[in-house]
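Hi,

Here is the structure I said I'd pass on to you.

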Amino acid sequence: MFVSMKEMLNHAHENKYAVMAVNCVNMEQVKACVESAEEECSPIILNISPRQMREHGHSYVLTPMVRSIAERAAVPVAFNLDHGAAYQDFVTALQSGFSSVMIDASSCDFEENVRRTQMIAALAHGCGKSCEAELGHVGNADAGDDSNSDYYTNPEQAREFVKRTHCDCLAVAIGTAHGSYPKGMIPKLDFERLSLLAITLDVPLVLHGGSGAGEENIRKAVACGINKINVNTDVMAHAVAETGRALEENPEYSYMDLCMRCEDAMKDFIKSYMRMIGSSMRYTFERTAGAEFD
């Protein structure tokens, strides 16, 4: 089923679990995500950033593919613009048929972030789509942004932001960052702040920078109120590592077989992540309710 993120994340919010959002740039990643979701009876969000669309996963190719695969699935599948910034990013995504958009105006001052988010939320809602926003700033791991508490989300400011913008979910900064952390490093997350955000706001909360954040951190973040977790670096790293293993075993591996092997490796990781964040078995009945009627 091809849906917006709104109802999917509201269900996660009410039932205290998180939905995995994976950046996808090709057919293998899309299939790995949706097939994993079906096998785990889990919802799934497919992300793509403006840069990824420009350089490889062009919207005119990926959007019809995502819709075709999603509409055949028995679980909710959303297609979300990740970190949209320029106005044209949102126009392109909504006209192409995305089901959700995320506006990242977190580098702007508060009032400008509000103004831009209000506009894009109204635009998305008018098209029957959902809108994610960001307050605070989730920076880059290689710049050490995860430890800069100046970037962290202020709960009282967040309350005003959500009320004024009508965003459907909010990405918060509590100590994660995008990309790869230095080898051996696990970020320290501000769970006290996260718990206060969850109490203060009655909207689904989003954690960006889910790759490399550590299983204990991820499980605790979900327990404290996170309902959507963005994962890009880890999924792509599994595909790259599997490519290396396959070619080391057999340098004559055919391209199609290599794609299939990478897809299977990504599925193994995605399914285990779904189980970790509690989204598995959310879209199924454990047993039949009784006799069928004509």
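His166 is exposed, with a relative accessible area of 53%. For these labels, exposed means over 50% relative accessible area, buried means under 20%, and partly exposed is in between, using a 1.4 Å probe and protein chains only. You'll find His166 in the loop between α7 (155-165) and β6 (169-172). His166 isn't a glycine, yet its phi is positive, at about 60°.

Before you go on, note that this is a predicted model: local features need pLDDT of at least 70, side-chain atom pairs count only at pLDDT 80 or more, and totals for chains, interfaces and linings use all residues. Residues are numbered from 1 along each chain as its sequence is written, and side-chain values use heavy atoms, with hydrogens and water left out.

Cys41 also has a positive phi, about 55°, although it is not a glycine. This residue is in the loop between α2 and β2 (44-48), and with a relative accessible area of 16% it counts as buried.

Next, helix α5 (residues 87-96). Its buried residues include Asp89, Phe90, Val91, Ala93 and Leu94. The buried residues of α5 pack against α3, β3, β4 (100-103) and α6 (110-126), where contact means heavy atoms within 4.5 Å. Just after α5 comes Gly97, with a positive phi of about 110°.

On to the nonpolar cores. In soluble globular proteins, nonpolar side chains tend to be buried together. A core here is a set of buried Ala, Val, Leu, Ile, Met, Phe, Trp, Tyr and Cys residues joined through side-chain atoms within 4.5 Å. The largest one has 70 residues, and Met20, Leu46, Leu170 and Ile229 touch the most other members. Helix α11 gives the most to this core, 8 residues. What does Leu46 touch, leaving aside its neighbours within four places in sequence? Its contacts are Val22, Cys24, Val30, Cys33, Val34, Val66, Val77, Ala78, Phe79 and Asn80.

There is also a second, separate core of 13 residues, and Leu9, Ala12, Tyr17 and Val206 are among them. Val206 belongs to strand β7 (residues 205-207) and is buried, because its relative accessibility is 0%. Although Val206 and Asn227 are 21 residues apart along the chain, their C-alpha atoms are separated by 5.9 Å. Not counting residues up to four places away in sequence, Val206 touches Glu132, Cys169, Leu170, Ala171, Val172, Ile226, Lys228 and Asn230.

Now for the pockets. Rolling a probe the size of a water molecule over the atoms shows where empty space is left. On a 1 Å grid over the protein atoms alone, a pocket is an open set of points with protein on both sides within 12 Å along at least five of seven lines, whereas a cavity is a set where a 1.4 Å probe fits but cannot get out; lining residues have an atom within 4 Å of a point. Points are joined across faces, edges and corners, and a volume is the space filled by probe spheres set on them.

The largest pocket has a volume of about 570 Å³. Its lining has 30 residues, with Ser49, Asp82, His83, His178 and Asn232 nearest the centre. At least two lining residues come from each of α3 (50-55), β3 (77-84), β8 (226-231) and α10 (233-249), and α3 has the largest share, 4 residues. By class, this lining has 7 nonpolar, 19 polar and 4 charged residues; Ala, Val, Leu, Ile, Met, Phe, Trp, Tyr, Cys and Pro count as nonpolar, Asp, Glu, Lys and Arg as charged, and the others, Gly among them, as polar.

The second largest pocket comes to about 240 Å³. It is lined by 13 residues, and Asn26, Ala239, Thr243, Cys262 and Met266 are the closest to its centre. Two or more of the lining residues come from each of α2 (27-40), α10 and α11 (255-277), with α11 giving the most, 5 residues. The lining divides into 9 nonpolar, 3 polar and 1 charged.

Last, the cysteines. With a disulfide taken as a pair of cysteine sulfur atoms within 2.5 Å, the count is 0. For Cys167, the nearest cysteine sulfur is that of Cys131, 6.6 Å away; Cys167 is buried at 5% relative accessibility. For Cys259, the nearest is that of Cys262, 6.8 Å away, and Cys259 is buried too, at 14%.

Cheers
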